[in-house]
Amino acid sequence: MAFYLRAIVRVSVVILLLQISALAAEHSKLVPAAPVPPQIVAAKKVFVANAGGDERWYEKPMFSGGPSRAYNQFYAAVKNAGRYEIVDSPADAELIFEIGLTAPLVSVRGDVYDPQIRLAIRDSKTTALLWAFTEHVQLAILKETRNNNFDQSMAELINDLQGLSASSNNAQKP
């Protein structure tokens, strides 16, 4: 008898979970995607700003390339992508791409940090924050692996930006 009771409870739980999943999927279809700000859609010229590198380890840095590594890599990637023209002054830009590396302390035991590359997209006229992306850099013991993880996170950030540009280009089409 106990076996049948457990079987009935398990089947009931599975049915309940399936119903909840179906309702969640249906609800997600009802919520329309929020629009990409029109400044991002229309922009052709950008200024890339260096928000700095939170490099706490000057004697023994976590990554190669120093505190400007995120800026240098991001600048080169935006330039190579060809979607935006990089200008020398925020006054000449439609958007400001503010790129930086932060590494907040997440555990005092063993000094554990969570390195993150953050891109903030600002309107050049108002400096209002329009969009932001953050990619976490996976920690590793070997410096070479940490550098590879940094490169991978930067590539993901560039993909995020390209995805936003692609969605904004699709939003422009009738």
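**Sheet, aromatic pairs and surface of the predicted model**

Five strands form an open sheet of mixed pairing, in the order β2-β1-β3-β6-β7. Strands are DSSP runs of E with at least two residues, helices are runs of H or I with at least four, and both are numbered from the N terminus. Two strands count as paired if DSSP finds at least two bridges between them. The model is predicted: local features need pLDDT of at least 70, side-chain atom pairs count only at pLDDT 80 or more, and totals for chains, interfaces and linings use all residues. Residues are numbered from 1 along each chain as its sequence is written, and side-chain values use heavy atoms, with hydrogens and water left out.

The edges of the sheet are held by β2 and β7 (129-136). Each has a single partner strand, so one side of each is left without a neighbour in the sheet. Strand β3 pairs with β6 (residues 116-123) in the antiparallel sense, over 8 bridges. Leu 101 stands opposite Ile 117 in β6.

Two loops beside these strands were examined. Thr 127 is placed in the loop between β6 and β7. Its phi is near 60°, a positive value in a residue other than glycine. Thr 127 counts as partly exposed because its relative accessibility is 45%. Here buried means under 20% relative accessible area, exposed means over 50%, and partly exposed lies in between (1.4 Å probe, protein chains only).

Pro 90 lies in the loop between β2 (85-86) and β3 (95-102). With 36% relative accessibility, Pro 90 is also partly exposed. Leaving aside residues up to four places away in sequence, Pro 90 touches Phe 47, Ile 96 and Ser 124. Such contact means heavy atoms within 4.5 Å. Lys 45 is 45 residues from Pro 90 in sequence, and their C-alpha atoms are 9.5 Å apart.

Aromatic rings were considered next. A pair of aromatic rings is described by the distance of the centres and the angle of the planes. Rings of Phe, Tyr and Trp (its six-membered ring) pair if their centres lie within 6.5 Å; planes under 30 degrees apart are stacked, over 60 edge-to-face, and the rest tilted. The count by this rule is 4 aromatic pairs. One of them joins Phe 63 and Phe 150, a tilted pair at 5.1 Å centre to centre with 55° between the planes. This pair links distant parts of the chain, 87 residues apart. Phe 63 is in the loop between β1 (45-53) and α3 (69-81), while Phe 150 is in helix α4 (residues 143-172). Phe 63 is buried at 3% relative accessibility, and Phe 150 is buried at 1%.

Tyr 71 and Tyr 75 form another tilted pair, with centres 5.9 Å apart and planes at 50°. Both tyrosines lie in helix α3, 4 residues apart, about one turn of the helix. Tyr 71 is partly exposed at 22% relative accessible area. Tyr 75 is partly exposed at 26%. Phe 74, Tyr 84 and Phe 97 form one aromatic cluster.

On the surface, Val 106, Val 112 and Leu 139 form a nonpolar patch. Together they have about 230 Å² of accessible area, calculated by the Shrake-Rupley method with a 1.4 Å probe, where only the protein chains shown count as cover for residues. Patch residues have over 30% relative accessible area and no salt bridge; like charges are joined within 9 Å, and nonpolar side chains (Val, Leu, Ile, Met, Phe, Trp, Tyr) within 5 Å. A salt bridge is a side-chain nitrogen of Lys or Arg within 4 Å of a carboxyl oxygen of Asp or Glu. Val 106 is in strand β4 (residues 105-107). Val 106 counts as exposed because its relative accessibility is 53%.
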